[in-house]
Amino acid sequence: MSEILVTGATGNVGSHVVSQLAEAGLEVRALVRNPDRARLPAGVEAVRGDLTVPESLEPALRDVETVFLLWPGYSEAATAGAVTAIARHARRVVYLSADVEDLADGEEPTLFHQSVERLIRHSTLSWTFLRPGGFAANTLGWAGQIRQGVVRWPFGQAVRALIHEKDIAAVAAHVLTSAGHTGGKYVLSGPEQLTQAEQVRIIGEVAGHEVRWEEQPLDEAREHLLAAWGDPGFVEGALKGWGAAVHNPERVTDTVQRLLGRPPLTFRQWAEDHVADFR
C-alpha cells in the first residue's frame with residue numbers, strides 16, 4: 001500500500017497537490033465526480049466518487065495508505081460516514097482545515113472545521129491538520145469589478161495575510177511524503193499583511209490599470225452577499241471575520257518557511273499568476 005488519494009483534485013489547491021505529487025513520480029489517485037471530464041496529469045488515476053456519499057468512496061480507497069482530505073462545502077451531513085470510510089482503508093490523513101482553535105474535551109464545536117477535526121482525532125487515523133488563514137484565490141470574486149476599475153466591498157481596512165494556493169499545496173505534498181508530521185497542526189499564511197484595499201491596488205497594478213476601492217455600507221453588503229451565497233450564517237460569519245480583521249490583523253506565521261525551506265509567495269506573485277483573470 002503506497003498510493004495517495006487526493007480529494008478536491010480538480011480545485012484550486014487539490015489540482016496543485018496532484019501535480020506536485022505526480023511530478024515527484026508518486027502513485028496518485030484522484031477522487032473526482034466525473035473522471036471523463038477531469039483534466040489530470042499523465043499517470044494520475046481518476047476514480048469516481050463523492051465525499052458527500054460515503055458509500056461511493058470504496059473503489060477510490062482500495063489499496064490507499066494516505067488521503068489528502070479537502071471537504072467540499074460546509075455541510076456536516078456526511079462527514080462522519082466519510083471519515084469512517086477513510087479510516088477503514090487508510091492509515092493516515094492530511095486534512096485541509098482552517099485557522100481554528102483547538103477544542104477541549106466535551107467542548108461543542110462552533111465551526112465546521114472543528115467538527116471534522118474532532119471526527120478525525122477520534123478515529124484510528126494518523127493525522128495532520130493544515131490550518132491556512134485567508135486564501136488569496138478568494139479575491140478572484142472581485143474579478144468582474146476589478147475589470148471595471150472599482151471594487152465596492154465592505155471593510156477595506158481589514159488586514160489579511162493571504163496565502164497562495166501553490167504554497168498550501170506544497171506544504172500538503174511535503175507532509176504527505178515525509179515523516180514526522182503526525183499530530184501536526186500547521187497554521188499557514190502568506191508572508192505579509194495587506195488591507196483589502198491594498199490587495200485591490202496591487203491587482204490593478206499587475207493587471208495594468210488603476211483600480212480603486214469603494215467602501216460598501218454593511219447593510220448593502222449583507223443583502224448582496226445573501227443573494228450571492230444564500231446562507232445567512234455563512235454571510236454573517238464572513239462579515240464578522242472581515243470586521244474583526246480591521247482591528248485584529250490576520251497573523252503571519254513562519255510555517256511555510258520552516259517546512260519548505262523557502263519564503264511563502266507574495267500576494268503580488270499570486271496576482272501575477274492570475275493576471276488573465278483580471279483583464
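What covers the buried residues of helix 4?

1. The cover includes strand 4, helix 3, strand 5 (92-96) and strand 6 (126-132). The model is predicted: local features need pLDDT of at least 70 and side-chain atom pairs pLDDT 80 or more, while totals for chains, interfaces and linings use all residues. Residues are numbered from 1 along each chain as its sequence is written, and side-chain values use heavy atoms, leaving out hydrogens and water.

2. Helix 4 (residues 112-121) is largely enclosed by the rest of the structure, because eight of its 10 residues are buried. Among them are Phe-112, Val-116 and Ile-120. Buried means under 20% relative accessible area, exposed over 50%, and partly exposed in between (1.4 Å probe, protein chains only). Contact means heavy atoms within 4.5 Å. Helices (H or I, at least four residues) and strands (E, at least two) are DSSP runs, numbered from the N terminus.

3. The whole structure holds 20 salt bridges, each a side-chain nitrogen of Lys or Arg within 4 Å of a carboxyl oxygen of Asp or Glu. One of them joins Lys-185 and Asp-102 (3.0 Å, N to O). Lys-185 lies in strand 9 (residues 185-188) and Asp-102 in the loop between strand 5 and helix 4, so the pair ties together parts 83 residues apart in sequence. Lys-185 is partly exposed at 38% relative accessible area, and Asp-102 is partly exposed at 43%.

4. Another salt bridge links the side chains of Arg-268 and Glu-205 (2.7 Å, N to O). Arg-268 belongs to helix 11 (residues 267-273) and Glu-205 to helix 7 (residues 196-207), 63 residues apart.
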